[in-house]
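Below is a short report on one protein chain.

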Amino acid sequence: MKKILIVISRYNNTEPLMNSTIKVIKKKRIKWSIIKVNGAFEIPVVIARNLKKFDAFVALGIILKGKTPNFDFISQAITNGLMNLSISSKKPIGNGILTCLSRKQAEKRKLKGAEAIKAVLDVLSH
């Protein structure tokens with residue numbers, strides 16, 4: 001039986017992302033666990049620490065653009081980290097980390113967690 005780890009940031013009301021992911025995963029015969037971290041920046045290292053324990057991963061978080069370039073640096077670092085981990089481990093990592101310009105935009109994209117887990121499930125099936 002496949003095992004998937006969902007790593008989710010506590011920051012910026014990520015509950016809707018998590019709920020959309022869990023709704024999809026509960027319909028499958030898959031074991032899954034959740035680890036909550038403070039912010040999205042911590043997600044890649046938590047996945048790296050758990051690479052041997054799980055078959056796939058889903059990263060969930062919301063990064064909101066502020067008035068500094070930090071948004072761009074953080075978003076790119078996380079994306080690169082997740083991609084590097086996925087390629088080097090040959091394990092799928094669904095990127096459900098939203099990069100939004102506003103809270104309203106994030107709210108409209110709350111089902112992206114479901115899309116991330118569906119992408120992971122698709123890769124696992126090949």
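## An aromatic pair

Phe 54 and Phe 57 are both buried, meaning under 20% relative accessible area, with exposed set at over 50% and partly exposed in between (1.4 Å probe, protein chains only). This is a predicted model: local features need pLDDT of at least 70, side-chain atom pairs count only at pLDDT 80 or more, and totals for chains, interfaces and linings use all residues. Residues are numbered from 1 along each chain as its sequence is written, and side-chain values use heavy atoms, with hydrogens and water left out.

Rings of Phe, Tyr and Trp (its six-membered ring) pair if their centres lie within 6.5 Å; planes under 30 degrees apart count as stacked, over 60 as edge-to-face and the rest as tilted. That rule gives 1 aromatic pair. It is Phe 54 with Phe 57, edge-to-face, with 6.1 Å between centres and 65 degrees between planes. Phe 54 also has Lys 3 over its face, 5.6 Å from the ring centre. A charge sits over a ring if NZ of Lys or CZ of Arg is within 6 Å of the ring centre and within 35 degrees of the ring normal.

## Two nonpolar cores

A nonpolar core is a set of buried Ala, Val, Leu, Ile, Met, Phe, Trp, Tyr and Cys residues joined through side-chain atoms within 4.5 Å. The largest has 21 residues. Ile 4, Val 58, Leu 60, Ile 117, Val 120 and Leu 121 touch the most other members. At least two residues of this core come from each of β1 (3-9), α1 (15-25), β3 (56-64), β4 (93-100) and α5 (112-124). Helices (H or I, at least four residues) and strands (E, at least two) are DSSP runs, numbered from the N terminus. Another core lies apart from the largest one; it has 18 residues, including Val 7, Leu 51, Phe 71 and Leu 85.

In β3, 8 of the 9 residues are buried, so the strand is mostly covered. β3 pairs on two sides of the account here. With β1 it runs parallel, joined by 5 bridges. With β4 it is also parallel, over 8 bridges. Two strands pair if DSSP finds at least two bridges between them.Leu 60 of β3 stands opposite Ile 8 and also opposite Gly 96 in β4. Beyond four places in sequence, Leu 60 touches Ile 6, Val 7, Ile 8, Ser 9, Leu 17, Met 18, Thr 21, Ile 43, Gly 96, Ile 97 and Gly 113. Contact means heavy atoms within 4.5 Å.

The buried residues of α1 are Leu 17, Met 18, Ser 20, Thr 21, Ile 22, Val 24 and Ile 25. Their cover includes β1, β2 (31-37), β3, β4 and α5. An α-helix has 3.6 residues a turn, so residues three or four places apart point the same way.

Why does Ser 20 count as buried? Because its relative accessibility is 8%. Ser 20 sits in helix α1. Its side chain reaches the backbone nitrogen of Ala 114 at 3.1 Å. A polar atom of that side chain also lies 3.5 Å from the backbone nitrogen of Gly 113. A polar contact is a pair of N or O atoms within 3.5 Å; within protein, one must be able to donate a hydrogen and the other to accept it, and residues adjacent in sequence count only if both atoms are side-chain atoms. Outside four places in sequence, Ser 20 touches Lys 110, Leu 111, Lys 112, Gly 113 and Ala 114.

Ala 114 lies in helix α5. Ala 114 is buried because its relative accessibility is 13%. Setting aside residues up to four places away in sequence, Ala 114 touches Ser 20, Thr 21 and Val 24.

## Two asparagines

Asn 50 lies in the loop between α2 (43-49) and β3. Asn 50 is buried, at a relative accessible area of 8%. Apart from neighbours within four places in sequence, Asn 50 is in contact with Leu 5, Ile 35 and Phe 57.

Asn 95 is in strand β4. With 39% relative accessibility, Asn 95 counts as partly exposed. The side chain of Asn 95 reaches the backbone nitrogen of Ile 97 at 3.0 Å. Asn 95 touches Ala 59, Thr 79, Leu 82 and Ala 116, residues up to four places away in sequence not being counted. From Asn 95 to Ala 119 the C-alpha separation is 9.0 Å, across 24 residues of sequence.
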